[in-house]
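This report walks through selected features of the structure shown below, beginning with a local turn and ending with the contact between the chains.

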Amino acid sequence: MIHDYPSICYEVQIKALRFIEGHARLILRCIDGLYKAEFYPTEGPRFIPLALKGKSPLDAPIVTSRICGICFSAHAIASVRAVENAYNYKPNQGVELFRLIVHLLNHIQSNVMHLTLLSIPPLLGYYDNAKFRFSRIYKLGMRIAGKVTLAIERLGKVTFHTPLFTPFAIGLSINGKEVYNAVNELIEPLLRDLDEYVTRILSVEVPIFTRIRPLLSLNTKDYPKYELTDSLVYIDIDGEKSVISQNNILSEMVFKRRDKATGLQVRLRGLDVMVGALPRILIHKDKLHSEAKEKAAMVNWSHNPFLNNYAQAVELVSDTYKLLDILDEIRDYIIEGEEEAPHIEQGIGVCAVEAPRGILVHHVEIRNDKIVNYKVVTPTAINAHSIERDAEELANKLSVLGREKLKSLIEDLVRAYDPCMSCSVSLDAYSI
Amino acid sequence: MPLRVAFYSLSSCMGCLFSIAAHIEDLFNVLGEDGVSIEYYKCFREDSSDEYTPLTDVAFVEGVVVTREDEENLRNIRRRTKYLVALGTCAATGNTAYYAVEELKEKGIPIDAKPLSEIVYVDYEIRGCPAPFNEVVNILVKLSRGWVRIWQPDYTVCRECKLSGVACLLDEGKPCLGPLTMGGCGAPCPNNGVPCIGCRGLAQEAQVESYIKIIREKGITLEVVIGRLKLAMGKHVKELLRKLEETYEHS
């Protein structure tokens, strides 16, 4: 339990945060007796949104999926729906189900790889997975990751950046039974491993720490990963709920740059806000798949960012059972897209999805069937200020631990958020 | 003596490193537990919170060089490894970033995005987005046996489409870059109805003149082709542009 101790002033510099996706820095400075944190990406942007200017919208998903090596489907699905929204096009049910299957497979892959390789080993004292790989958690986790990765490969012929999301589903022609056969035989046998894996993850001790912060998630009837809607739900620090239209979400955001940062941070309504698995569960716990509710009941949920690890584990159960339900449903479909793309003179399309790490927004402006502007706001850019506020709170309470122990605790805190710095620099600090 | 190996990332999506991590047991199975020692691997082994570049036999580096830190890290890695492998299209050709920075440069913003070979000497390249895992294993197995010549496919993506029986997307009037692109990826994009974007870089067998003839027949403009080439082919585009424009003028 974290108590209040008198604050001791010193600077903490974590120049290269370990076991996170991408490269970032966190610096804590003591100013007038209180800690101030700066968390920012240090890796270069690859300017993918900029590269899409002047290109065909049909190429947007295959290019934007390369923003991230671990949550490629989230970008692809946000991109494809943003383009389709610009054209006022809605895909048929078979295409939507197929996309959701790939998206859920990627979610499971992302969450299990994050827990197994990145956030859990350091909590258990390992900074070398070549040694951790002999543990039961690692073996179970990588077995699950291996099967899910194989399922993705069976559908798309490649394990990452899978080219299965094309606007208007052009070129897609697949039998639902084939999808069922390719995926079900890999996923169903995993259920026992998954149960043991999640139980083990939920028994890994995490620090107890609470700071109430605003939360943001998709506003959905089902669990927010399982449907796309055109609005988001925002819960403020008093617990008051408000709904934000997907089309207006970017106008509610202010972008800030830390000195030396290669990417920007987001402020929503002037404050920090958290997105990701923990906010999803805090807001929508009752909508989890019934099989996951038993696991969710094992946790005393609160605004403790370290619980994001548990939230990702519980979501693994919900996502897997939901995937099996959708596979049953898709068996009767012949999934076919359009033969040709429609044309528009002008259109703006926005899509917000729940990526593994939280809300991801793609915004596209199209003129005469060419992209004139493209913007991507990622969950890590949204979470950055919340990470800073949590680091400050921890340092203010626990500076008595000393620099090295505090550094270790802060690294665990950042890892719990599952940040993706490669994604976050899509909102780059150069092209503003 | 185990082969000392490290996996680094610069400015990248980490897709190459994650796709290798997903198959890491296969790596140990092929090379043996005592055959390989992973000295550093971003997101797999990071012992020290200080910046650490161990001495290695083979260093795989993913990502494009954008920041000054990227360049310093790369030079440091080059000094401390026997063989340097550019892992993935970003490292090998610059990928999307290579041309995406043009607009910023025109505005006077001092930014660049370079493949590794424009900064240091690179011993091998594994092109692909992501880099194919079998080519990573191939290089490690060969180097562990002291074989330094590494074969790469000399054929184009077209061969793989033909072998898998996929209907030609160029025939459908789609601007597929398959005839110009190095094969070996299994043509996942054309197999899913998505025209190839050239992420494996220029093929040795690329038939530029024939390609120009086909795109003219199908009504695909050179402007559209060049736009797509700049999405992923990076540094190879300059050479190809020169060939394309010469051929287009003459044909």
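## A hairpin in chain A

In this predicted model, β6(A) and β7(A) form a hairpin in which 5 residues lie between the two strands, and A:Gly239, which sits in the turn, has a positive phi of about 85 degrees. Strand β6 covers residues 231–235 of chain A and strand β7 covers residues 241–245 of chain A, and the two pair in the antiparallel sense over 5 bridges. Within this pairing, A:Val233 has A:Val243 of β7(A) as its bridge partner.

A:Arg269 belongs to the loop that runs between β9 (265–268) and α9 (277–284) of chain A.

## The parallel sheet of chain B

Chain B contains an open sheet of 5 strands, arranged in the order β2-β1-β3-β4-β5 with parallel pairing. The edge strands are β2 (36–41) and β5 (124–126) of chain B, each of which pairs on one side only, and from one strand to the next the twist averages 25 degrees.

Inside this sheet, strand β1 (residues 3–9) of chain B runs parallel to strand β3 (residues 56–62) of chain B and is joined to it by 5 bridges, with B:Val5 standing opposite B:Val58 of β3(B). The helix α3(B) lies across β1, β3 and β4 (81–87) of chain B, and its direction makes an angle of about 135 degrees with β4(B).

## An edge-strand serine and a cis proline

B:Ser37 is a residue of strand β2 of chain B, and its side chain is joined to that of B:Glu39 by a polar contact of 2.5 Å. In a regular strand, side chains alternate between the two faces of the sheet. Once neighbours within four places in sequence are set aside, B:Ser37 is in contact with B:Pro2, B:Leu3, B:Arg4 and B:Val5.

At another point in chain B, the peptide bond leading from B:Cys129 to B:Pro130 is cis, with omega near 10 degrees, and B:Pro130 itself is found in the loop between β5 and α7 (133–144) of chain B.

## Where chain B meets chain A

The contact between the chains draws on 53 residues from chain B and 58 residues from chain A, and the area buried between them is about 4700 Å², of which carbon and sulfur atoms give 61%. On the side of chain B, the residues that lose the most area to chain A are B:Phe18, B:Phe44 and B:Asn192, which together account for 13% of what that side buries.

Between chain B and chain A there are 6 salt bridges, one of which links the side chains of A:Lys53 and B:Glu103 at 3.2 Å, N to O. Across the same interface, 20 residue pairs are in polar contact, both residues of each pair being at pLDDT 80 or more. Several helices of chain B each supply at least two residues of the side that touches chain A, namely α1 (15–21), α2 (24–31), α3 (68–79), α5 (95–100), α6 (102–106), α9 (188–191) and α11 (222–232), and the largest share, 4 residues, comes from α1(B). Sorted by class, the side of chain B that touches chain A has 27 nonpolar, 14 polar and 12 charged residues.

Terms used
Residues are numbered from 1 along each chain as its sequence is written. Chains are lettered from A and ligands numbered from 1 in the order in which they are written. This is a predicted model: local features need pLDDT of at least 70, side-chain atom pairs count only at pLDDT 80 or more; totals for chains, interfaces and linings use all residues. Side-chain values use heavy atoms; hydrogens and water are left out. Contact means heavy atoms within 4.5 Å. Buried area is the accessible area (1.4 Å probe) that two parts lose on being put together, summed over both. A salt bridge is a side-chain nitrogen of Lys or Arg within 4 Å of a carboxyl oxygen of Asp or Glu. A polar contact is a pair of N or O atoms within 3.5 Å; within protein, one must be able to donate a hydrogen and the other to accept it, and residues adjacent in sequence count only if both atoms are side-chain atoms. Ala, Val, Leu, Ile, Met, Phe, Trp, Tyr, Cys and Pro count as nonpolar, Asp, Glu, Lys and Arg as charged, and the others, Gly among them, as polar. Two strands pair if DSSP finds at least two bridges between them. Axes are lines fitted to C-alpha atoms, for helices over the stretch in contact, and angles run from 0 to 180 degrees between N-to-C directions.
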